Amino acid sequence: MKFGYFDDANKEYVINSPKTPYPWINYLGNQGFFSLISNTAGGYCFYKDARLRRITRYRYNNVPIDMGGRYFYINDNGTVWNPGWSPVKTELDEYQCRHGMGYTVIEGKKNGLKAEVTFFVPQNYDGEVQQVVLTNESNETKNFSIFSIAEWCLWDAQDDCTNFQRNFSTGRVEIEGSTIYHVTEYRDRRNHYAFYTVNDTIDGYDTDRDAFLGSIYNGWNNPATVEADKPSNSFADGWSPVASHYKKVTLAPGESKTLIYILGYAENPQDKKFASEKPANLLTREAWVLNKEKAYAMIEKYNTPEKVAAGLAELRETWNSLLSIFNVHTPDDKVDRMVNIWNQYQCMVTFNLSRSASYFESGIGRGMGFRDSNQDILGFVHQIPERARERLIDIASTQLSDGGCYHQYQPLTKKGNADIGGDFSDDPLWMILSVAAYIKESGDWGILDANVPFDDDPNGQHTMLEHLNVSFYHIVNNLGPHGLPLAMRADWNDCINLSCFSDTPGESFQTYTNPKFKAEGGYSKIAESAFVAALFTYTGPAYVGILKHIGKADEAAKAQAEIDKMKKNVMESAFDGDWFIRAYDAYGEKMGSKECEEGKIFIEPQGFAVMSEIGKEVGADIKTLNSIDKYLNCEFGLVLNNPAFTKYYIQYGEISTYPGGYKENAGIFTHNNAWIICAEAYAGRGDKAFEYYSKIAPAFTEETSDIHKTEPYVYGQMIGGKDASNFGQGKNSWLTGTAAWNMVAISQYILGVQPDFDGLKVDPSIPAAWDGFTAVRKFRGATYNITVKNPNHVNKGVKSMTLDGNAVQGCVVPVCDGGTHEVEIVLG
Ligand code: BGC
Ligand code: NOJ
């Protein structure tokens, strides 16, 4: 069952029922100001940091789930409704929500009155513009009123939802004309404020939530002021400040009226915080007056429909140009819409927000993850390499000089998060991969010489190359008894906690280490990760490639020797006959082996081991891929492990706390499905790669949206696995490494268009049934029009390649100096 459809020409998903199986959201903003907006206008806004600079409030674990956001209410002669149906839920005569690239349009119609609301965050602008077009489509004159509402968050979202004894007494506002300012704590330690305005006169307002709702017994579904069609002109003093505008409107038949609301954020320099004079029309309870110059300028910028149209056009242009960098035309529409539109769009969102703020991530828990942000870059780097570079330097600056890293950092302060700490065994390796991806995309070898400090030596002179070096040797210097990398607190799988042994509720599996390992330095010196071993042999060659390229042949050979040794160790101690084991636990027992009672096979190490060609000479790659197909493949994707754990294994940690089929315990963890898609493509099995790709790619789940539940245009972290009663049900949509890795899987492995140090490699591994495909790739200043022909219906194998009609040896297109070039490839 579907709840809408893809409008590819407009790059939109059009939702035609407000009652989607879960809130289907969009993200507005891609620089400093961000909004989440659901198909019924729920959600919230923040500036840069969802925890430390929350602008509007959102209630967690609410019932109904999606309640609170920025709402418009219309009172049309006693009939009260919202253009997005919720929260009043008056049945609409027509409803539509169009989520597009950085904007959302919600349209409702009731009794001949149509309200179309366009929400977007313009480029280089710290505010959300909401354009409301009201049209009287009836044959009679309409007199009605429109109320807006936004509830302010008192800035720190964590404090806001816990520290009521203080926060109920700090709320402050100012009102000037049609603009309501939120200035809580501005007098003392803050230099930032928010505002909500409309480009017209108003007939009333409210700034106190309970006054707007009418009583503490009312909710957003029945605000008394709206029902009575009478604002209370309240002035907030503590409690919960809000901003609501009241406007009476008269429309003749066929007539339209446009109102432009802006929800904005601004910061003042310390010495310019206050205005020297108090304007006559200003309402305040304070002796001081906010300096509003920045708000005035922002309001001026979008106060007419023409200016709004220009802002939207600029946004569209930005996205058209971002999406023109890589574009394909394949025999499958669903692939095209994922690759050309939605997967790339999601990659921008995950790049911006890591795992911080979604309908599943509260925005108060996690800042930017070290491993997460590095992986996000893999899917984003081609869009704006300069931003990837900046991010790489931020991330690397949270690394320690021994190669270890803070696992997370706050985007506002860019400082490593001491509560979580470090010692996640995989973290450093992802940085090698992301820096290599950046160089391959941009050709900017200069980044290696960039001065990048270490967290424990903030003023020292260190280069990015040094960071790569300590990342690589952090693995080499921390090996266990079998010569495999120590597992430490966790590797990519946060829920395999081999040094935790937790038996007390509430202990965090990621931060708690059993005292028995404290003396050993914080984690077991026995537990080893075969996954990190495989990741090391997969990423190591990128480091070697970099060293060779810059003429450090000796160091390259030394690093290569470590990779070779690791491969040998893996074959000796971590190949189980038909697949690779997952780990050795702290007792030195195998995890993810035939010998285990449950959790005999895990997905994570397999893909990287196959792509590193570990044991290829004895057929380990194909045996492994076949085992995955046999034990992990099911209708909706590949489960993470099998059989699922049915008991708590204290020596494994969090993974065995999840009921079978969910999350890391045999859920379909889509992120690492991508690694197998890559591996199948790498091994030349394009049909299998495509089968796995199409099981989890959102556009392919659209028809079963009632089962899948989450948005059919973006990946989620997880789909219920075969052991779950909710088999096939998606969860944790939007912020997941799946976005980047599936972008890599489809574009670089299946379609095979892969930036390399010295050119653009094109080595597809596609379904044999395909006749071929075409792609446009902008790369280092030139545009390549790529045509792949598959006359013999093979999966893989470049038989010939030409560049502008001239034969090229191999399958790497050399870097051209600008211009447009024709690349033709024949498979066979
Ligand atoms: C989740 C993981 C997550 C980790 C850290 C666990 O409970 O299952 O997916 O990465 O917490 O936040
Ligand atoms: C989600 C986390 O963000 C990611 O870092 C981790 O790798 C996966 N969970 C798997 O546990």
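The model is a predicted one, so to speak of local features a pLDDT of at least 70 is needed, side-chain atom pairs count only at pLDDT 80 or more, and totals for chains, interfaces and linings use all residues. Residues are numbered from 1 along each chain as its sequence is written, chains are lettered from A and ligands numbered from 1 in the order in which they are written, and side-chain values use heavy atoms, with hydrogens and water left out.

Starting with the fold, the protein has 21 helices and 41 strands (DSSP runs numbered from the N terminus, H or I of at least four residues for helices and E of at least two for strands). Its radius of gyration is 28 Å, close to the 28 Å that the globule rule gives for 828 residues, so the protein is as compact as a globular protein of that length. Here the radius is taken over C-alpha atoms, and the rule is 2.2 Å times the number of residues to the power 0.38. Along the principal axes, the C-alpha atoms fill a box of roughly 80 × 65 × 55 Å. Of the 828 residues, 64% count as buried, where buried means under 20% relative accessible area, exposed over 50%, and partly exposed in between (1.4 Å probe, protein chains only).

Turning to the ligands, the surroundings of ligand 1 include Arg366, Asp494, Glu654, Tyr658, Lys663 and Gln717 (a residue is near a molecule or strand if one of its heavy atoms lies within 4 Å of it). Polar contacts are pairs of N or O atoms within 3.5 Å; within protein, one must be able to donate a hydrogen and the other to accept it, and residues adjacent in sequence count only if both atoms are side-chain atoms.

Around ligand 2 are, among others, Arg355, Arg366, Arg371, Trp492, Asp494 and Phe669. The side chain of Arg371 puts an N or O atom 2.7 Å from an oxygen atom of ligand 2.

In one of them, Glu94 pairs with Lys109, with the closest N and O atoms 3.6 Å apart. Glu94 lies in strand E9 (residues 94–99) and Lys109 in strand E10 (residues 103–110), so the pair ties together parts 15 residues apart in sequence. Glu94 is partly exposed at 43% relative accessibility, whereas Lys109 is buried at 17%. Glu691 and Lys695 also form a salt bridge, at 3.4 Å, and both lie in helix H18 (residues 686–696), 4 residues or about one turn apart.

Finally, Phe164, Phe168 and Trp239 form a nonpolar surface patch with about 310 Å² of accessible area together. Patches are made of residues with over 30% relative accessible area and no salt bridge, with like charges joined within 9 Å and nonpolar side chains (Val, Leu, Ile, Met, Phe, Trp, Tyr) within 5 Å. Trp239 is in the loop between helix H4 (224–228) and strand E18 (241–251) and is partly exposed at 48%.

How values were computed
Accessible areas come from the Shrake-Rupley method with a 1.4 Å probe; for residues, only the protein chains shown count as cover. A salt bridge is a side-chain nitrogen of Lys or Arg within 4 Å of a carboxyl oxygen of Asp or Glu.
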